[in-house]
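Subject: Structure handover

Hello,

The structure is below, with its sequence. Notes on what was found in it follow.

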Amino acid sequence: RWDGIFFLTPWFQYGVLVGAASLVLMIPLVLTSFDPAVRLLGRFWNLLHKLIIPAALCAVAHSLWVGVHYLGTQWDGIKLLTSFLLVLAVLGIGWSRGSLAWRRANRS
């Protein structure tokens, strides 16, 4: 039932929705992360597993939105630094995966 989410403020509801989107994006990755699925999907497997980038971005947004005591407390230097490093790490992983895939495609 969805009654449990409606007692939250709209701010938290959006954060929970982004977290749910991240979870939904990860389900196909979990279901295809074994060797027979890799062989069965062939080249489509790599394309499918690029869903990790938007899933990770949604997970970061969720953790910043409704994470441990981010809302309702002061943004001190440590929280700001860790949040910035978290976003930077996800963007760096996305950039490196994208640039490596681009280089591989150009070699063919």
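**What was found**

In the protein, 53% of the contacts with a separation of 6 or more are between residues 24 or more positions apart, a contact being heavy atoms within 4.5 Å. This is a predicted model, in which local features need pLDDT of at least 70 and side-chain atom pairs count only at pLDDT 80 or more, while totals for chains, interfaces and linings use all residues. Residues are numbered from 1 along each chain as its sequence is written, and side-chain values use heavy atoms, with hydrogens and water left out.

The protein has five helices and zero strands, in the order α-α-α-α-α along the sequence. Helices (H or I, at least four residues) and strands (E, at least two) are DSSP runs, numbered from the N terminus.

The accessible surface is about 8,200 Å², and carbon and sulfur atoms hold 74% of that (Shrake-Rupley method, 1.4 Å probe; for residues, only the protein chains shown count as cover). Of the 108 residues, 19% are buried (under 20% relative accessible area; exposed is over 50%, partly exposed in between; 1.4 Å probe, protein chains only).

Histidine 49 lies in the loop between helix 3 (43-48) and helix 4 (52-66). Histidine 49 counts as buried because its relative accessible area is 11%. Isoleucine 27 sits in helix 1 (residues 10-31). With a relative accessibility of 44%, isoleucine 27 is therefore partly exposed.

Regards
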